[in-house]
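This report describes the structure shown below, beginning with the chain as a whole and ending with selected local features.

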Number of protein chains: 2
Amino acid sequence: MATAKFIYDTAERCPDLYYACKFSAPDPFIFIETRGKKYLVMSDLEIDRTKKQAKGCKVLSLSKFTAKAAKKSKTPSLLDTLNEIFKSLKVKKLEMPPASPFSLVDGLRKRGYKIQSGSTPFYPKRLQKTADEKKALIRAQKAVFDMMALAEKTLRACKIRNNKLYYKGKVLTCEALREMIHFELMRRNFIAPESTIVACGADTIDPHNFGKGPLRPHQAIIVDIFPKSIDSLFWGDATRTFCVGKAPERLKKLYNAVKAGQEYALKNIKAGVNGRKIHETILKMFKERGFNTGEIGGRMQGFFHSTGHGIGLELHESPIRVGPVDQTLKAGMCTSVEPGLYYKGLGGVRIEDIVIVTKTGCQVLAGYPKRLEV
Amino acid sequence: MATAKFIYDTAERCPDLYYACKFSAPDPFIFIETRGKKYLVMSDLEIDRTKKQAKGCKVLSLSKFTAKAAKKSKTPSLLDTLNEIFKSLKVKKLEMPPASPFSLVDGLRKRGYKIQSGSTPFYPKRLQKTADEKKALIRAQKAVFDMMALAEKTLRACKIRNNKLYYKGKVLTCEALREMIHFELMRRNFIAPESTIVACGADTIDPHNFGKGPLRPHQAIIVDIFPKSIDSLFWGDATRTFCVGKAPERLKKLYNAVKAGQEYALKNIKAGVNGRKIHETILKMFKERGFNTGEIGGRMQGFFHSTGHGIGLELHESPIRVGPVDQTLKAGMCTSVEPGLYYKGLGGVRIEDIVIVTKTGCQVLAGYPKRLEV
C-alpha cells in the first residue's frame, strides 16, 4: 500500500501546507496526498471558499466524515473522523511533517497506522525557487528597499540639535520612523508581523532589539525590514546601518569590516559551496581586522549570529544556509547574507541582502546602496 | 524522579511558552520547568535580551551545552544538546504540549526519555483570566470598538450615488475602509495579522471572505475586527453588521434574528452552563423564525459556525466554548459570542462581542451599540 502524505495544521504555521494547496485559513485543516492525487477535507465554514481558491486539490466535506464517525461514537474525536477519511481513501501508511503534533501521531499509531517523519521542509522542492517564486521574492525585496530609501531619505532630511535628530521640526524617534515604514508597507499590502527594527546606539548591540526613543547623530542606526507580502505570502528581508552626521572613526572601521565580510560572501556564494566555509572565513576576516567574537564582560560580542538564513514562504527557512554548520548550497536556493558586528560602547553594524544561488555565483535580489553616513 | 515540563517552540506558535516565561523571540527556544523552577536555554543571539525581559526563569546558555555535546559528537544534533541539558538538570521524564513535534519526541524516546502529553492548553490556568489579563483584554476590546466607531462614522458620512457609497467625494471600497482601520490600529500598537473583514453584499455569505471592491447601499456590510496588542500580546475581537441607507425588510428580519440569538447567549452564559445547550438553543430560535441551517443549493447556508471561541493570548483558544460540543463554562473563561446567519441572495449578518464568564452570568468586555442601519 502506498504511503500518503498527511498534514493537519494551519497554513500560517505550516508553509508546506500552503505550498501544496495554495490555500490558507485561520484554523487547522486536513491535507492528504496519495496515489498522485491531493485532497483537502474542509469544515462547512471553509468548504466553499476552498473550492474557489485552492489549487489542484479535490475538496471533501469534513462534516460528512464526522457524521459517519458519529454512527460509531456519540462524540466522535478528530481521530475517529480521520479514521473514516483514511478508510475511504484506503490509506494505512502516512508520512507527516516532523513538526506534526505528537499526540495526534501517538493516537494514530494506537489505531494501527504506520507513521514516518518526512523531511524539513516537507516539500524539499520548495527550497529551490522557481522562476515565479523568484519574481515574488524580487517584488517583496523591491518593497523592502523602497522602505529603506524612505528611511534613508528621512534620516538625511533631519537637522541635528542637542544630540537629537529633528525631522520637520520634531524629534525623530525609532517609533516614528518605524511607523512611517509600517504605514507605507501596509499601503502596498505587506505586513511586518514581528515589527521592523529601527534601533540606535546602545540598542544596536542586541540584534533583536527593535529600538526605542529618540534617534541620535554620530551613532549607528540599524534599519532591518522584514515584511511578508499578503498577496504572495513570500517574505522580503534587508538591513542597512546608517549614521546621521559624521561617524566616529571606530564606527567607520566596524562598518567597513562588515561590508568587506558581506562582499566576500556575495562573491563566493555559488552552487556546490559549503556555507560553513564562507561563514568561517568571514569570522577570520573580522578577527584579522581586530574584531574578535566571544563572551566579553559577561555578554556576547563580535559576530555571534549566522551569516545567512533561508527565506521564502518562511522568514527563516531551515536549515541555516550560511552558518556554523555544514550546508552545501544548491542552485535556486535563496539565502540572506547578513554578517554583523556588535560591541558594547561602540554599537552594532549589520548589512543584509538576500540572494538566489546560481551555478556560477549568486544573484542579489533588487539591491540598494551601502553607505554609512547620511 | 519528578516529571519536568518541557517546551521547544517559538512563543508566537506556542502561547503557553509566552505565558510561562513572558518572553518572545522569532526562533524556537528551550523551556524546562522542574522541581518548582523554570529554566530557559538560549542561544548567544538571544541570551542577553532574555536575561533582561523573561520573568521568573533562570537563563542558561545553549552554546555551553552544545560545546559539551561536541566533546562526544563532531556535529552535535539538537537531541545531543538536549541530552546534556536534561542530564545537568537530572530530568528523565518529560511532559510536553500535545502539539510538540513528533520527530523530536520519537528521538527523545529512543534515548530513553519517558514522554507524556500535557493538556491543551499546557497551562490550563491560562483559560481562566486573572484581573490583569482581564484588563489587557478590555484594553484590546476598547481599541477594537474605537475602530468600529471609526467604521460606522465613515459609513454614516457617505453619500449614496449610482448604487455606490461616496466618502469625501470618492467611492468607498472595502479596501479603503480596511486600510483606515489598519492605520489607526497601528498607531495604537495593534496588528491585524490576518487582516480585518470589511465585506459587502454577496461576499458576506462566506464568513471568512475579507471583502473587496466598492461598498454598496441597502446591503449587509460585515465589519469583523480582530487585532493583537503588540504590548500585551492579547487579542480583541468584535463584529458588527451595518447597512447604509434603508435596509430591505428581509435583511432586517435576518438582523433581528441574529441579535435575538446573541442576546439570548449573553443572558444565559454563566459558570456551570454547557456551551452546547446555548448553541443548540440559538439554532432552534433561528429555525423558529424560518432561518434553517444546512446545505442548500450546493453550499452551506444558515448558521454553520460555532457561537463562540475562547480568546486570550490566542485568537482562537481551544476548546471551542459555545458550539456543537459539550463544554462546561467556568468563571474567568473568556469567549466570543458571535452567532451569524448567511443566505445566498440575501447576505450575511454576524454580531460579536467577547465576554468573561462569571458565577452569576457574564461580563461583556467594553461594548458597542448594535444597529443595522446607519
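## Overall build

Of the 374 residues in chain A, 47% are buried. The model is a predicted one. Chain A contains 9 helices and 23 strands, and its C-alpha trace extends over about 75 × 45 × 40 Å along the principal axes. Among the contacts in chain A with a separation of 6 or more, 61% are between residues 24 or more positions apart.

## Domains of chain A

The domain assignment divides chain A into domain 1 (3-125) and domain 2 (128-364). The C-alpha centres of domain 1 of chain A and domain 2 of chain A are 38 Å apart. Each of them puts 5 residues into the contact between the two. On the side of domain 1 of chain A that touches domain 2 of chain A, 3 residues are nonpolar, 1 is polar and 1 is charged.

## The nonpolar core

The largest nonpolar core comprises 217 residues. Within this core, A:Leu40, A:Ile221, B:Leu40 and B:Ile221 have the most contacts.

What does A:Leu40 touch, leaving aside residues up to four places away in sequence? The list is A:Cys21, A:Phe23, A:Phe29, A:Ile30, A:Phe31, A:Thr50, A:Ala54, A:Cys57 and A:Val59.

## How the two chains meet

The contact between the chains involves 37 residues of chain A and 37 residues of chain B. On the chain A side, at least two residues each come from helix H2 (47-53), helix H5 (102-110), helix H7 (174-187) and strand S16 (299-301). By class, the side of chain A that touches chain B has 17 nonpolar, 9 polar and 11 charged residues.

Chain A is superposed on chain B by a rotation of 180 degrees with 0.0 Å of shift along its axis, at an RMSD of 0.0 Å. The two copies are therefore related as by a two-fold rotation axis. Both copies use the same surface, in that 100% of the contact residues of chain A recur in chain B. A:Phe102 is the residue of chain A that comes closest to the rotation axis, with its C-alpha at 2.0 Å.

Helix H5 of chain B covers residues 102-110, and its buried residues are B:Phe102, B:Ser103, B:Leu104, B:Val105 and B:Leu108. Which elements cover the buried residues of H5(B)? From chain A, the cover includes H5 and strand S6 (114-117). From chain B, the cover includes strand S1 (3-9), helix H4 (78-88), strand S5 (93-96) and strand S6 (114-117). Just after H5(B), B:Gly112 has a positive phi of about 95 degrees.

In chain A, helix H4 (residues 78-88) has A:Thr81, A:Leu82, A:Asn83, A:Glu84, A:Ile85 and A:Phe86 as its buried residues. Strand S2 (29-34), strand S3 (37-42) and helix H3 (62-70) of chain A are the elements that the buried residues of H4(A) pack against.

## Strand pairing

An open sheet of 3 strands in chain A has the order S7-S8-S9, with antiparallel pairing. Strand S7 (159-161) and strand S9 (170-171) of chain A are at the edges and have a single partner strand each, so one side of each has no neighbour in the sheet. Strand S8 (residues 164-167) of chain A pairs with S9(A) in the antiparallel sense over 2 bridges. A:Tyr166 is opposite A:Val171, which belongs to S9(A).

In chain B, strand S17 (residues 308-310) and strand S18 (residues 317-322) also pair in the antiparallel sense, over 2 bridges. S17(B) and S18(B) make a hairpin, and 6 residues lie between them. B:Gly308 has B:Val322 in S18(B) as its bridge partner.

## A loop residue: B:Lys344

B:Lys344 is located in the loop between strand S20 (340-343) and strand S21 (347-350) of chain B. Why does B:Lys344 count as partly exposed? B:Lys344 has 13 C-beta neighbours inside 10 Å, whereas a buried residue needs 20 or more and an exposed one has 12 or fewer.

Leaving aside residues up to four places away in sequence, B:Lys344 touches B:Ile205, B:Gly297, B:Arg299 and B:Gln301. B:Gly201 is 143 residues from B:Lys344 along the chain, and their C-alpha atoms are separated by 9.6 Å.

Note on methods:
Residues numbered from 1 in each chain as written. Chains lettered and ligands numbered in written order. Predicted model: local features only at pLDDT ≥ 70, side-chain atom pairs only at ≥ 80, totals over all residues. Domains from an automatic or database assignment. Contact = placed C-beta atoms within 7 Å. Nonpolar A, V, L, I, M, F, W, Y, C, P; charged D, E, K, R; others polar. Core = buried A, V, L, I, M, F, W, Y, C linked by C-beta atoms within 7 Å. Helix = DSSP H or I, 4+ residues; strand = E, 2+ residues; numbered from the N terminus. Least-squares fit on C-alpha atoms with pLDDT ≥ 70 in both. Pairing = 2+ DSSP bridges.
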